[in-house]
Amino acid sequence: MAAPKVSVIVPVYNTEKYLEQCIGSITSQTLREIEIIIVDDGSRDECAALCDSLAKNDDRIRVIHKQNAGPGFARNTGIEAANGEYIGFVDSDDYIKPDMYNELYKVALKNDADLVISGICFVGGNTFGKSGEIDEKHYFDNETLFEKEDAKRLLLGVVGALPQEPDDSRYGVSTCKNIFKHSVITDKKINFLSERKVMSEDAIFMIDFIKHIDKAVGIWGAFYCYRRNDESFSKSYRSDRFSLVQSFIKELENHIKDVCEFEEYSIYLNRLIQGYGRILCSQEIVYAREKSIKYSSLLKRLKMICESEMLSVALKDYPWYRLPKKQAAFAFAMKYKLYYLQKLMVLFRAR
């Protein structure tokens with residue numbers, strides 16, 4: 001039997017109410033030559049039994065049950081078990097459009113690409129979005145080729161963006177909207193770090209992979225539907241999120257600096273840092289409103305973020321006035337420690 005064209009790895013932890021839709025969106029792909037590796041990461045709800053039940057309905061599904069260690073390590077387990085020419089990742093509280101892997105694999109095959117990058121659909125429920133609202137993000141207007149000599153440009157565009165660009169990352173950090181050549185992952189021993197130690201294991205994986213590409217392709221289209229639900233590890237409020245972001249930024253810089261000079265990457269990294277600062281402050285403000293937390297307590301949290309060395313250094317000489325208007329206003333408020341203005345901006349937008 002021929003090896004599958006794409007191995008789709010799905011880490012699962014306590015996502016019972018989303019799991020059937022997620023797996024159903026993968027089994028209904030128009031590209032039929034896939035394998036689906038579900039890694040049950042020690043779920044405490046009914047996910048373990050549901051995974052086994054779903055596997056009985058489609059012989060392309062394999063289930064691995066393991067002790068809980070987080071989605072990054074669950075993905076590593078899936079990679080070790082995969083047989084596909086390419087690897088894709090789907091989180092179990094998200095879902096994908098029917099033609100996702102057909103479109104990505106077709107482009108990969110045509111270009112003999114190590115990596116194919118697409119857009120993403122954000123499905124409501126974030127700090128400001130309404131439930132069910134869908135926002136499509138396309139990173140490329142047309143098929144865009146990156147060859148080995150373009151790897152640094154691609155890497156910097158994943159890390160961040162220039163001030164005048166619309167988003168904090170030019171090409172997006174999510175691994176789930178892409179496919180990766182399996183042989184590059186295994187030959188170069190690329191794996192995921194634990195998201196319990198860094199905020200975004202996806203970004204580190206992307207950087208490590210891009211270092212080794214011969215060819216990558218970006219395409220127009222948004223096939224991956226990222227559900228901004230309030231219950232997942234990456235999407236819910238966490239009191240320790242700031243310390244995780246700090247650890248992530250240090251780790252990210254360690255992975256960049258062996259291929260880029262500080263002068264090359266600093267403006268991209270600082271864009272990402274001020275973006276995280278905006279998100280962290282916004283989450284604190286919304287959480288304080290929802291939990292009726294006193295302003296004095298909120299103020300301590302905002303000061304911790306805005307007066308930190310990480311954010312202060314990033315904003316010190318950053319041309320915040322070149323950012324898109326709303327981002328520029330918030331960066332100004334963070335830089336000059338205007339905490340009540342931050343609160344007004346966030347609560348006005350959240351109405």
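How do the axes of helix α11 (residues 309–316) and helix α12 (residues 325–335) cross? They come within 10 Å and cross at roughly 120°. The structure is a predicted model, in which local features need pLDDT of at least 70, side-chain atom pairs count only at pLDDT 80 or more, and totals for chains, interfaces and linings use all residues. Residues are numbered from 1 along each chain as its sequence is written, and side-chain values use heavy atoms, with hydrogens and water left out. Helices (H or I, at least four residues) and strands (E, at least two) are DSSP runs, numbered from the N terminus.

**Helix pairs**

- Two packed helices are described by the angle between their axes and the distance between the axes. Axes are lines fitted to C-alpha atoms, for helices over the stretch in contact, and angles run from 0 to 180 degrees between N-to-C directions.
- Angles under 35 degrees count as roughly parallel, over 145 as roughly antiparallel, 65 to 115 as roughly perpendicular and the rest as oblique.
- The axes of α11 and α12 cross at roughly 120°, which makes α11 oblique to α12. Their crossing is left-handed; a crossing has this name if the near helix is turned anticlockwise from the far one by less than a right angle, and is right-handed if clockwise.
- Leu311, Leu315 and Lys316 in α11 meet Ala331, Met334 and Lys335 in α12, where contact means heavy atoms within 4.5 Å. The residues of this contact are four nonpolar, no polar and two charged. Here Ala, Val, Leu, Ile, Met, Phe, Trp, Tyr, Cys and Pro count as nonpolar, Asp, Glu, Lys and Arg as charged, and the others, Gly among them, as polar.
- Helix α7 (residues 201–210) packs with helix α8 (residues 241–256) at an angle of about 0°, and their axes are 10 Å apart. That makes α7 roughly parallel to α8.
- On the α7 side of that pair are Ala203, Ile204, Ile207 and Asp208, which meet Phe248, Glu251, Leu252, His255 and Ile256 in α8. Six residues of the contact of α7 with α8 are nonpolar, one is polar and two are charged.
- Helices α8 and α9 pack at about 165°, with axes 11 Å apart, which makes α8 roughly antiparallel to α9. The crossing of α8 and α9 is right-handed.
- Residues making the contact include Phe248, Leu252 and Ile256 of α8 and Leu269, Leu272 and Tyr276 of α9. The contact of α8 with α9 divides into 13 nonpolar, one polar and two charged residues.

**Nonpolar cores**

- A nonpolar core is a set of buried Ala, Val, Leu, Ile, Met, Phe, Trp, Tyr and Cys residues joined through side-chain atoms within 4.5 Å. Buried means under 20% relative accessible area, exposed over 50%, partly exposed in between (1.4 Å probe, protein chains only).
- The largest nonpolar core has 108 residues, and Ile26, Phe248 and Leu252 have the most contacts inside it. Helix α9 (residues 262–290) supplies the largest share of this core, eleven residues.
- Not counting residues up to four places away in sequence, Leu252 touches Val159, Ala203, Ile204, Ile207, Leu269 and Leu272.

**Buried elements and residues**

- Helix α5 (residues 151–159) is mostly covered, with seven of its nine residues buried. Among the buried ones are Leu154, Leu155 and Val159. The cover over the buried residues of α5 includes β6 (115–123), β8 (144–147), α7, β10 (215–227), α8 and α9.
- Ile117 has its place in strand β6 and is buried, at a relative accessible area of 0%. Leaving out residues up to four places away in sequence, Ile117 touches residues including Phe140, Leu154, Tyr171 and Val217.
- Cys51 is in helix α2 (residues 47–56) and is buried, with a relative accessible area of 0%. Its contacts, leaving aside neighbours within four places in sequence, are Val12, Leu19, Ile38 and Val63.

**Exposed loop residues**

- Asp112 lies in the loop between α4 (100–111) and β6. Although not a glycine, Asp112 has a positive phi of about 50°, and it is exposed, with a relative accessible area of 52%.
- Lys189 is in the loop between α6 (182–187) and α7. Lys189 is not a glycine, yet has a positive phi of about 55°; at 69% relative accessibility it counts as exposed.
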